Amino acid sequence: MTIKVAAIGTGNVGRHALRQLITDPRFELAAVWVSSESKVGKDAAELAGLPNSTGIVATTDLDAVLATDPRCAVYTAMADNRLVEALEDYRRILAAGVNVVGSSAVFLQHPWGVLPDEMIKPIEEAAQQGNSTIFVNGIDPGFANDLLPLALAGTCQSIKQIRCMEIINYDTYDSATVMFDVMGFGKPLDETPMLLQPGVLSLAWGSVVRQLAAGLGIELDEVTETFVREPAPEDFDIAAGHIEEGTAAALRFEVRGMKDGEIATVLEHVTRLRDDLRPDWPQPAQDGGSYRVVVTGEPSYTLDLCQSSPNGDHNHAGLVATAARVVNAIPAVLDAPPGISTTLDLPLITGKGLYARS
């Protein structure tokens, strides 16, 4: 029996999720919500880059989407610059009795100790009201820094530290909002972007270090953050726009989970817009970028995750992986108890039914 689903958002991640919802025989697409008036009335297949019409056209009316009575909504709408609106969307969807898998807002990966209780409570109450479940994940925050490190940790006798790293060149990431407004690339170094405002890094990735700590069975004393930026040595262009000489062109930050004065769990990002910037910073395991998990303990591990795709570069592959992680979780989420589920709660998702001959 197919699972009736709705797609909420058709952007960088959403279009890949939509494509799978249309082509994967496990699902029946019921509705598509979009944020842009220019997409209203377009067929879902067109938005997903597929040739055959589905008969499902896009709308900006969330109530109309919920009226189609989907069992699950796949939420990939932008939340970085509209957190209040995104949380209200979740509350409405869950209260209507619709389960949710999503790629944003990322702190819902493991919100406890990250968000204030007054922001979590409406989500939890709506889930109880609707007997519904929400699971937010992706690649980072997501499986690159919860599923993989926790699987490795389960093979250790003792653990001193878990470090999760994203080391990626973002030059082909085509989102001006994320690149310029959120991350501050192309901005003067004396201008503090949204991401680097005090506490925002810990809000966005505190979910990672706190979930890792929960997996280790420890309670962190505090979460701290640190960052450094590097200016562009000259003018150059990236997919999202123009970078002027002297403006931010590389960023390295850490979100640290502290226990007894030691860094127990840490999330580190090394983000460049050109491969030649800051060669002294950690380098990826493949051209363009990779993810890395370093477990220090007995035994210790270093795991490099190199993503690629026959249809695009490393950034394209990361977007597809983010979409597939949440879409493939739908059956498990439908079976989960009402409330906020995390990777610690769901069973192993194996890719059942996804084998396809070349």
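**A salt-bridge network and its sheet**

Tutor: Glu 254 and Arg 163 are both buried, where buried means under 20% relative accessible area, exposed over 50% and partly exposed in between, with a 1.4 Å probe and protein chains only. The model is predicted, so local features need pLDDT of at least 70 and side-chain atom pairs count only at pLDDT 80 or more, while totals for chains, interfaces and linings use all residues. Residues are numbered from 1 along each chain as its sequence is written, and side-chain values use heavy atoms, with hydrogens and water left out.

The side chains of Glu 254 and Arg 163 meet in a salt bridge of 2.9 Å, N to O, the term being used for a side-chain nitrogen of Lys or Arg within 4 Å of a carboxyl oxygen of Asp or Glu. This pair links distant parts of the chain, since Glu 254 belongs to strand E11 and Arg 163 to strand E7 (residues 158-169), 91 residues apart; strands (E, at least two residues) and helices (H or I, at least four) are DSSP runs numbered from the N terminus. Glu 268 forms another salt bridge, with Arg 252, and here the closest N and O atoms are 2.8 Å apart. Because Glu 268 lies in strand E12 and Arg 252 in strand E11, that contact ties together parts 16 residues apart in sequence. Glu 268 is buried at 2% relative accessibility, whereas Arg 252, at 25%, counts as partly exposed. Arg 163, Arg 252, Glu 254, Arg 256 and Glu 268 are linked in a network of salt bridges, and the count for the structure comes to 14 salt bridges.

The strands named so far belong to an open sheet of six strands with mixed pairing, in the order E8-E11-E12-E7-E13-E14, where two strands pair if DSSP finds at least two bridges between them. At its edges are strand E8 (222-231) and strand E14 (301-305), each of which pairs on one side only. The twist averages 10° from one strand to the next, with axes taken as lines fitted to C-alpha atoms (for helices over the stretch in contact) and angles running from 0 to 180 degrees between N-to-C directions. Strand E11 (residues 248-259) and strand E12 (residues 262-272) pair in the antiparallel sense over 10 bridges, and Arg 256 stands opposite Val 266 in E12.

The structure holds three aromatic pairs, for which rings of Phe, Tyr and Trp (its six-membered ring) must have centres within 6.5 Å; planes under 30 degrees apart count as stacked, over 60 as edge-to-face and the rest as tilted. Among them, Tyr 75 and Tyr 90 are tilted, at 4.6 Å centre to centre and 45° between the planes. Trp 205 and Phe 253 form another tilted pair, at 5.0 Å centre to centre, likewise with 45° between the planes. This second pair links Trp 205 in helix H8 (residues 200-216) with Phe 253 in strand E11, 48 residues apart, and both of its members are buried.

Beyond strand E12, Asp 276 is placed in the loop between E12 and strand E13 (289-298), and at 48% relative accessibility Asp 276 counts as partly exposed.
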